[in-house]
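Hi everyone, thanks for coming.

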Number of protein chains: 4
Amino acid sequence: MNHDIVFSRLNEFMIELPSWGFADTGTRFGKFNQDAAAVTVDEKLADAGHVNKLCGCCPTVAVHVLWDFKPDQAAAEVAKLARSSGVRIGSINPNVFQDQQYKWGSAGNRSSAIRKHAVEHMLDSIAIGKEVGSNLLSLWFADGINYPGQSDIVARKRWFTESLKVLHAALPPDMTMLVEYKPFEPAFYATDIADWGMALLLARAAGPQAKVLVDTGHHYQAVNIEQIVAWLLDENMLGGFHFNDRKYADDDLTIGSIDPYQIFRIFCEIENHRFRTGSVPPIAYMVDQSHNLKPKIEAMLQTVDMAQQLYAKACLVDRKALAASQENEDLVQSENILRGAFLTDVRPLLAEWRSSGGLPADPLAAHRQSGYEARAAKDRLAKHGKKAGGAYA
Amino acid sequence: MNHDIVFSRLNEFMIELPSWGFADTGTRFGKFNQDAAAVTVDEKLADAGHVNKLCGCCPTVAVHVLWDFKPDQAAAEVAKLARSSGVRIGSINPNVFQDQQYKWGSAGNRSSAIRKHAVEHMLDSIAIGKEVGSNLLSLWFADGINYPGQSDIVARKRWFTESLKVLHAALPPDMTMLVEYKPFEPAFYATDIADWGMALLLARAAGPQAKVLVDTGHHYQAVNIEQIVAWLLDENMLGGFHFNDRKYADDDLTIGSIDPYQIFRIFCEIENHRFRTGSVPPIAYMVDQSHNLKPKIEAMLQTVDMAQQLYAKACLVDRKALAASQENEDLVQSENILRGAFLTDVRPLLAEWRSSGGLPADPLAAHRQSGYEARAAKDRLAKHGKKAGGAYA
Amino acid sequence: MNHDIVFSRLNEFMIELPSWGFADTGTRFGKFNQDAAAVTVDEKLADAGHVNKLCGCCPTVAVHVLWDFKPDQAAAEVAKLARSSGVRIGSINPNVFQDQQYKWGSAGNRSSAIRKHAVEHMLDSIAIGKEVGSNLLSLWFADGINYPGQSDIVARKRWFTESLKVLHAALPPDMTMLVEYKPFEPAFYATDIADWGMALLLARAAGPQAKVLVDTGHHYQAVNIEQIVAWLLDENMLGGFHFNDRKYADDDLTIGSIDPYQIFRIFCEIENHRFRTGSVPPIAYMVDQSHNLKPKIEAMLQTVDMAQQLYAKACLVDRKALAASQENEDLVQSENILRGAFLTDVRPLLAEWRSSGGLPADPLAAHRQSGYEARAAKDRLAKHGKKAGGAYA
Amino acid sequence: MNHDIVFSRLNEFMIELPSWGFADTGTRFGKFNQDAAAVTVDEKLADAGHVNKLCGCCPTVAVHVLWDFKPDQAAAEVAKLARSSGVRIGSINPNVFQDQQYKWGSAGNRSSAIRKHAVEHMLDSIAIGKEVGSNLLSLWFADGINYPGQSDIVARKRWFTESLKVLHAALPPDMTMLVEYKPFEPAFYATDIADWGMALLLARAAGPQAKVLVDTGHHYQAVNIEQIVAWLLDENMLGGFHFNDRKYADDDLTIGSIDPYQIFRIFCEIENHRFRTGSVPPIAYMVDQSHNLKPKIEAMLQTVDMAQQLYAKACLVDRKALAASQENEDLVQSENILRGAFLTDVRPLLAEWRSSGGLPADPLAAHRQSGYEARAAKDRLAKHGKKAGGAYA
């Protein structure tokens, strides 16, 4: 096991936290509120900063424009708040799904007025990005249709193409536009950007700064996600990841909680790309998880720990030995080499890496000892009062 | 085509409407509100009565205890409201998932106090059923766990068994207790009653008045639902259905909107049971759909129409010819007999049945002409004001 | 219902039959042989000719190079045999999966010698196509890997790109090269051309005469196939279809036997493309089904009948009314317009179309009356003897 | 880490090898033959004996009656052959799927003559079991239907019930009858014993010596297998396992090759049952894998190694700590306790266990050094000649 290489990779493996991951969320059947959950953007940033202080690898926070910025507030203020919490603003996430006008879609809406409104919100998001020093515009669209016949699939495809071109034209040169795909939910019959093929075609049509965003939970059952990642890398179209795990749908579970070997294999494709080409393009590693039951901060700490473990394992694969074994079509040996890295316990190594950087060897334990959550609960209860649960119907 | 038999079957094919199907609901990403959506129980009952007046086959309304009854209101008053709208109260649906105390489960919660609280709510629901003249207690549990290790699956199974036994002991002799299963959502790793096998074992353990409730949207992909229905009928364990359709998960789409042939095949198993045994046990046919986009009443009218069409088609199968063809292992002919009934256009027949009963031949058109929705929208907007959409996080 | 338009569409809707669909095939657990199953290419062509005589819409036969051509036989002889049976040779299907050398792949094999061998076989197939007057090269690759680590996904992608470019360069100007995708089987972990996105990228890399082939059974559960078809049409990348149906995997069931509404929706996208653009590009409609239980010819007759019915239904959609309804976001009405066409019984119309062309109104009945199968069984038993079943292990 | 407990569990964890796992098998698209693959029963037993010598935990071999016994050979001779190879005969597997008469089913066939024939073969299998000293009758049925309408699902259910009762009546008191379920393949529309619920009901109807057999590859996507295992244990209906893994269907991949964490969780439920009740019922752990590409013996060695690793990991879970953490609804901690055991590298421990028993620490390396495969290939090639691949059509 080559510590140096793993340490060097861990030094570069930065994971972005989502501001919304610190707030109460739920399923359509209700929310179970947590007293310590963040409500305001400064609380979210404080929580993210706390996680980053413990983990040392989460310097940026993804923000949702609608939830984290106020019309009457300069975006730079949020950036300042972030800095004061020890983090920076990362990807900018427009919200073109929540407003009532988006009932029939945003960039895929047949109404040119609503499409324009959506595009303007996204142009505003680019402006916010510039203001706060972010170089990532992260686009997820809830657009789609619920029933056969509801709308024209191809017309929507073209409206999307148009809108994305407009956005791309407004990007500053160093900003990347990520196009996310998702097979279903909240659209139930056809989602406008349903799979990586659609995301890739739309991104290519938009322009060279548009890349594909892979959310690990946004695939049909049995899809080989690492194969998609490998293809996107080879096509120079991989922009980043949303980390989470799931058993059935887009369950937003903590990464590696259901199938850690799959996440490991995804990281292996990235390291294999490095082995093949000598480098890895910029990839945004971002958490996208909404926790109904786990304490928010603990869930983030667990996520970061597991992502680091799985990434470190992927770095342990002896790529030369694997290539030689593959060359011989020695299938059993090839598999053993790959899986052997997965079976290796990297927790001691990771603890060592943390200690070498002045971080607690066990961030979760450190968090529990810190009393942070109890203080947050007390302060936030006092500030916001007890929250209601929300009803299904 | 034997009109008489189809007419006679349609005369008996009664479909229960859900009170919650007339209210605004949504996905976890938000709700798109409708001005005409019902808010109060009397509005829900009025809408259901309107549908029943147009369709003539929806005499009962499923109620959700938490949403439709108030602690300070006699249940009989709701029954009276129903009668005044031309319907009766049908299945009683307790709600043991929304309250904050149910974060870790209801009947499967490790806390005996919370289990007791849940059971008491369900006992209250039985009492309400008695008071309003309902003979159906319909149980759906959101209970389950989100992560491996979270809880002990078998302990939960036993707590469920205990709770259901207590409920069964409190049932009046003519009341049936329906046990619903669902593979996932809102629990993401393991749902306590995940499939028909678990529902059947729990129902058998509870007692003879407990039966299984099949929600057509609550199955893994590719599961043969009609086979499950056939087995449940043969085991005398089929209690009823929740009607809806889906493409991926529990999408709550209108029945037959995605795969009408599957719903037809389910009805075929029921008619085959009649052919085999001479009768069909009491089966509760209930709609369970939450529409985000479709106007609520229109969606119900469409649902009822499609359910009737598919049921009528199933009645057209020439069972004797099919049996003879099967006897010869004449596979192509057997399939053609079954599918031939599906391919038959029964819309004229259904229109005739409606006219013969003094109903509009096209209930949806009649509804649109009635101006009901515009009036409801006006009245309800005036009464409740514009509703907010609800936020994801 | 506009008979003229439907008739005109049916006149153009030609369905290619597969030579291998008339031979005994099975599952990995064994084959159930049929005495009347074709063994030789002339028997297969005779069966296809028989089907075409009854249906009038199956003028071409797909051939498998390995099974239908002999090294020492001029391809033109097979073409002559076809003509004498009343059909022509359609798509040419190379076989680069059965030979022992393809254990680790064909065009994706790391061995340049084996890749070259596979390419040469496919070049030979192009030559055969020229000789027999076919303008379709239909490529399906079994290539892929069974285990993580077995091989380098990207290396294989590149080998495929190279091979397909060589093939494309050898195409005569009027020949189309179809690239098929399949998510799994016989490769179990990663198939080299797993989805439409991969097929599209490879086809684009190969050249302008390469298009994507959509096999209706080659998708993950819940994938929206009609959406893929719509995108491929809009990208001018749809080359053709392999018709079949399935419940779980690539089950090779007769089309429309499990989910007829889905096939209808696929045809709707094609007719919608015509409505949108005024024309439809050349699309090869080909049957790809292997029947274990159904008599081969009956299964083909059933397939053709069902495909014609579903296509005719799709032609009945009132596209202008649908567009107007969509324009109003009248979701219930839009769905009803689309589904209304599906619910229409087109069997009388189809019978009329057949009669107008001098064809039997009920081809299956005509076949059963013809005594063809009994004669074939007698002759072929005499010629080939009783066949053995083949063992699993 | 408590070595003693893990060692003690490993001492009891015996894994049965399948005789057919050493022979050439394939997919429906062909077989890739291996020179060293076993052809005769003595070769299969020799290979199994070789594996057992290296692993020390595979004392028994599952046999397929049709393939491993000859009508004119006393079963005891096969038992003798086994002993001479250092193994015993384990589960007896009748074959009621391969013969041409089983085209429409075996125990579910409408023909009473064929049902009787199938039952007689299974009664013969019981007799063989008695003769060879086996106490396991392992029943898998390919029975089912390919198309809606093909047959009556309930009639088939009843025929199955009858047949299994007859078999149960013939069991010697110490023999267990295992009933396996499988959702699809080779039946494509409805398999007669499709899920654990059906297997359980049939086994209960047959009698107390009938239990359910869980094949880890026989589930729909996303099914929670460990939950089924937990329920079966609590219902005292778990009889055993067929080990394998899969990505999509019943792919027969080596266990733990796709999702090792899932297999670990299954083992955890078994150890949890022990923790809960103090004991574990007899469970037959059997490999059921057919390898197309991996060398047979290597695949078995890999399988046994991975099964032992995953089982050892499951034994490392600190059940008391987990129970305490669950008691506190400390979700993050509970998950960490469970997953922490999985993340622990048990390879050194397993090597130690092997060495303590006089076994090679690395059985695969020992096998590769032994020259066994090259010798087998040489001998078997000489004896049987080069095998043909078999054709698809």
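**Around the rotation axis**

Of the residues of chain C, Arg28(C) comes closest to the rotation axis, its C-alpha lying at 2.2 Å. Before I say which axis that is, a word on conventions. This is a predicted model, where local features need pLDDT of at least 70 and side-chain atom pairs count only at pLDDT 80 or more, while totals for chains, interfaces and linings use all residues. Residues are numbered from 1 along each chain as its sequence is written, and chains are lettered from A and ligands numbered from 1 in the order in which they are written.

Now, the axis. Two copies of a chain are related by a rotation about an axis and a shift along it. Here, a rotation of 180° with 0.0 Å of shift along the axis superposes chain C on chain D, with an RMSD of 0.0 Å. The two copies are therefore related as by a two-fold rotation axis. The superposition is by least squares on the C-alpha atoms of residues with pLDDT of at least 70 in both copies.

Next, how these two chains meet. Two residues are in contact if their C-beta atoms, placed from the backbone, lie within 7 Å. The contact takes 38 residues from chain C and 38 residues from chain D. On the side of chain C that touches chain D, there are 19 nonpolar, 13 polar and six charged residues. For those classes, Ala, Val, Leu, Ile, Met, Phe, Trp, Tyr, Cys and Pro count as nonpolar, Asp, Glu, Lys and Arg as charged, and the others, Gly among them, as polar. Of the interface residues of chain C, 100% are also interface residues in chain D, so the copies meet through the same surface.

Chain C has another partner to look at: 40 of its residues are in contact with 40 residues of chain A. Which helix gives the most to the side of chain C that touches chain A? That is H12(C), with six residues. Helices here are DSSP runs (H or I, at least four residues) and strands are too (E, at least two), numbered from the N terminus. This side of chain C divides into 20 nonpolar, 10 polar and 10 charged residues.

Let's step into chain A. Its secondary structure comes to 15 helices and 12 strands, and 63% of its 393 residues count as buried. Buried means that 20 or more other C-beta atoms lie within 10 Å of a residue's own; exposed means 12 or fewer, and partly exposed is in between, with C-beta atoms placed from the backbone.

What about the loops? Asn236(A) sits in the loop between helix H8 (225-234) and strand E11 (238-243) of chain A. Its phi is near 55°, a positive value in a residue other than glycine. Asn236(A) is exposed, with 9 other C-beta atoms within 10 Å. In chain C, Ala222(C) also has a positive phi, about 80°, although it is not a glycine. Ala222(C) is partly exposed, with 17 other C-beta atoms within 10 Å.

One last stop: a cis peptide bond joins Glu185(C) and Pro186(C), with omega about 5°. You can find Pro186(C) in the loop between strand E8 (176-180) and strand E9 (190-191) of chain C. In chain D, a cis peptide bond joins Glu185(D) and Pro186(D), where omega is about 5°.
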